[in-house]
Amino acid sequence: MSEDTSILRRIPAGVVDSGFASVATFVVGISAVNLYDDVGRGVYAVFFSAFIMGALLSNELVFTPSEVEAVSYPPAERVSLVPQSLRLGVGPCLLGGTAVLLAIAVTLDYAEPQLAAGLAVTTAIATVLSPMQDHVRRMLHIAALSWTAALVSIVQLLVVIVCVVWGIAADLPVAWIPFGALAVANAVSLAVGLILVRINTDRVAKVRMRFRALAAKGVWFVLNAAAPATLGFAVAALIAWLASPEDLGYAEAA
């Protein structure tokens with residue numbers, strides 16, 4: 001009965017966490033829609049699809065299997081696995097960041113060089129950091145620290161808003177603002193999340209997770225999730241090619 005009550009208490013925190021994280025991404029999209037012209041919005045849509053596709057690799061290959069494994073340990077020990085899982089996920093995160101190369105190739109014919117450069121750099125950084133931050137939040141939930149996870153998302157949203165407003169006020173090149181704000185927000189909220197993980201680590205799980213063991217399970221998660229993410233990127237690329245990048249930009253705005 002007490003366990004059921006504990007779960008019920010954590011549900012609002014889960015809603016707050018996912019809600020604030022979603023709003024942060026929405027703010028990034030809104031800023032791109034308003035800062036870019038029709039073609040620029042189409043270019044942004046392609047890079048955003050590449051961001052989703054790139055983040056999938058580390059999320060599903062390493063982080064999801066490590067979260068599944070964490071459930072087998074007592075709640076008080078689960079959060080102590082975060083440093084291990086993050087170290088194992090660095091390589092896949094960096095590899096996922098190379099998804100921007102596909103976006104560069106697809107938009108080469110119609111993206112302005114300054115826009116492509118700004119989006120490429122900031123999208124790559126966000127693609128590396130975003131899965132790490134998401135993983136830390138999920139591990140906090142798994143450790144029954146849901147309100148702590150919600151705090152990480154609140155920090156992310158606040159930093160996104162501050163970065164977008166400051167970037168516009170400082171007249172920064174618009175190519176660097178949307179994904180740049182997301183990258184900075186992920187970096188700051190990830191740092192906050194790691195501090196909170198350390199504060200809440202009372203007992204350390206006596207286990208050493210192995211990349212090969214996690215990846216052997218994670219490859220099936222990757223295959224399961226790859227289709228929709230890859231299809232989303234392909235659809236964005238095809239709309240820009242068969243119709244026009246402006247039409248893709250209108251769809252992104254909608």
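Which helix gives the most to the lining of the largest pocket?

1. Basis of the note. This is a predicted model, in which local features need pLDDT of at least 70 and side-chain atom pairs count only at pLDDT 80 or more, while totals for chains, interfaces and linings use all residues. Residues are numbered from 1 along each chain as its sequence is written, and side-chain values use heavy atoms, with hydrogens and water left out.

2. Largest pocket. The largest pocket holds about 340 Å³ of space. Lining it are 15 residues, and those closest to its centre are Phe51, Ile52, Asn59, Ser130 and Asp134. Two or more residues of this lining come from each of helix H1 (2–35), helix H2 (38–70) and helix H6 (113–142). H2 gives the most, with 7 residues. On a 1 Å grid over the protein atoms alone, a pocket is an open set of points where a 1.4 Å probe fits, with protein on both sides within 12 Å along at least five of seven lines; lining residues have an atom within 4 Å of a point. Grid points are joined across faces, edges and corners, and the volume is the space filled by probe spheres set on them. Helices are DSSP runs (H or I, at least four residues), numbered from the N terminus.

3. By class, the lining of the largest pocket comprises 7 nonpolar, 5 polar and 3 charged residues. Here Ala, Val, Leu, Ile, Met, Phe, Trp, Tyr, Cys and Pro count as nonpolar, Asp, Glu, Lys and Arg as charged, and the others, Gly among them, as polar.

4. Second largest pocket. Its volume is about 180 Å³. Of the 15 residues that line the second largest pocket, Asp37, Gly40, Glu112, Leu115 and Val174 lie nearest its centre. H2 and H6 are the elements that give two or more residues to this lining, and H2 gives the most, with 3. The lining divides into 11 nonpolar, 2 polar and 2 charged residues.

5. Serine 58. This residue is placed in helix H2. Serine 58 counts as buried because its relative accessibility is 0%, where buried means under 20% relative accessible area (1.4 Å probe, protein chains only). Leaving aside residues up to four places away in sequence, serine 58 touches Phe63, Gly89, Pro92, Cys93 and Pro131, a contact being heavy atoms within 4.5 Å.

6. Cysteines. Cysteine 93, one of the residues that serine 58 touches, is buried at 1% relative accessibility. Cysteine 163 also counts as buried, at 18%. The whole structure contains 0 disulfides, a disulfide being a pair of cysteine sulfur atoms within 2.5 Å.

Technical notes
Buried < 20%, exposed > 50% of the residue type's maximum accessible area, 1.4 Å probe, protein only.
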